[in-house]
Amino acid sequence: VIERPLIALGLDGHYRLDALEARSGGLRGRRVVVQGLEPDPPARHWAEIRRQIQDADLDRELQTQVLRVFGALADAEAAVHGCEADAVHFHEVGAIDALVDVVGVCAAVRHLQPAIVSCTPPPMGHGSVPTAHGVLPVPAPAVLELARRHAVPLKHSEGFPPGELTTPTGLALMATLAERFAPPSTFVPLAVGVGLGHRDLDRPNLLRISRLQVDEEMPSGLRWQPLVVQEAWIDDASPEDLAWLLTRLRE
């Protein structure tokens, strides 16, 4: 499921993907390692990555989802750096591991066919992180821009050790795959998967994904968001005036 679309992208022989049983903070899980096999990996522009995805023989829905993730990343990076999206020069994201991450996650989620994808708000992190652009503050500028553009709530990271806890690639995946950022009120967990991070923290470094059975499922494609409702009592207006007013309000 994961390797087939990567081969279709022409990446066969350019990477190795290992999923190893491991522990973090005393808890077991799988640690996925993506090893790039390119001797001198190129830094790719968004226009080049988009063309590579569009030209690949991929399932149409998967292709659309992958383009949405990378498009969200490109738009956020363009806003941060003040350039056109097509000219965004991916460094970390342009590496082979990011292509494997994005395509692999989208293919796996599509294979699972969930009715709704729900995420808890991701942690902001704090401190700073070294990047191809130098040392940047955490949350990374692209993380804040993605959260702003897609109305993703971020959770304060008080008590966590300094460092990056949510990456732009991870947030772009959540922003495009998740319909809401709140758990259902009641559910029965049917299956639980645990993925381990690579950094040592003062607590288990893991991401859990659960398949849930819920009593009521929200229709796919909808997302919770706050609304402001304005109301007014009108006692002395004619029907003609009200009709004109309603038209203007709808416009």
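Ile49 counts as buried, because its relative accessibility is 0% and buried means under 20% relative accessible area, exposed over 50%, and partly exposed in between, with a 1.4 Å probe and protein chains only. This residue is found in helix H2, which covers residues 46-55, where helices (H or I, at least four residues) and strands (E, at least two) are DSSP runs numbered from the N terminus. Ile49 and Leu67 are 18 residues apart in sequence, while their C-alpha atoms are 9.0 Å apart in space.

The structure is a predicted model, in which local features need pLDDT of at least 70 and side-chain atom pairs count only at pLDDT 80 or more, whereas totals for chains, interfaces and linings use all residues. Residues are numbered from 1 along each chain as its sequence is written, and side-chain values use heavy atoms, with hydrogens and water left out.

**The chain as a whole**

- The chain contains 7 helices and 6 strands, and read along the sequence these follow the pattern α-β-β-α-α-α-β-β-α-α-β-β-α.
- Along its principal axes, the C-alpha trace spans about 75 × 45 × 40 Å, and 32% of the 251 residues count as buried.
- Among the contacts (heavy atoms within 4.5 Å) with a separation of 6 or more, 66% are between residues 24 or more positions apart.

**Glu38 and its surroundings**

- Glu38 is found in the loop between strand S2 (27-36) and H2, and this residue counts as buried because its relative accessibility is 16%.
- Not counting residues up to four places away in sequence, Glu38 touches His14, Arg44 and Ile96.
- The side chains of Glu38 and His14 are joined by a polar contact of 3.4 Å, a term for a pair of N or O atoms within 3.5 Å; within protein, one must be able to donate a hydrogen and the other to accept it, and residues adjacent in sequence count only if both atoms are side-chain atoms.

**Glu21 in strand S1**

- Is Glu21 buried or partly exposed? Glu21, which is found in strand S1 (residues 15-24), is partly exposed, because its relative accessible area is 48%.
- Leaving aside neighbours within four places in sequence, Glu21 is in contact with Arg28, Gly29 and Arg30, and a polar contact of 3.4 Å joins the side chains of Glu21 and Arg28.
- Glu21 and Leu196 are 175 residues apart in sequence, but from C-alpha to C-alpha they are 9.2 Å apart in space.

**The hairpin of S3 and S4**

- Strand S3 (residues 127-131) and strand S4 (residues 134-138) pair in the antiparallel sense over 5 bridges; two strands pair if DSSP finds at least two bridges between them.
- These strands, S3 and S4, form a hairpin with 2 residues between them, and the bridge partner of Val129 in S4 is Leu136.

**Leu249 at the surface**

- Leu249 lies in helix H7 (residues 239-250) and is exposed, because its relative accessible area is 61%.
- Together with Ile234, Trp244, Leu245 and Leu246, Leu249 forms a nonpolar patch on the surface, and these residues together have about 510 Å² of accessible area.

Terms used:
Patches are made of residues with over 30% relative accessible area and no salt bridge: like charges are joined within 9 Å, nonpolar side chains (Val, Leu, Ile, Met, Phe, Trp, Tyr) within 5 Å. Accessible areas come from the Shrake-Rupley method with a 1.4 Å probe; for residues, only the protein chains shown count as cover. A salt bridge is a side-chain nitrogen of Lys or Arg within 4 Å of a carboxyl oxygen of Asp or Glu.
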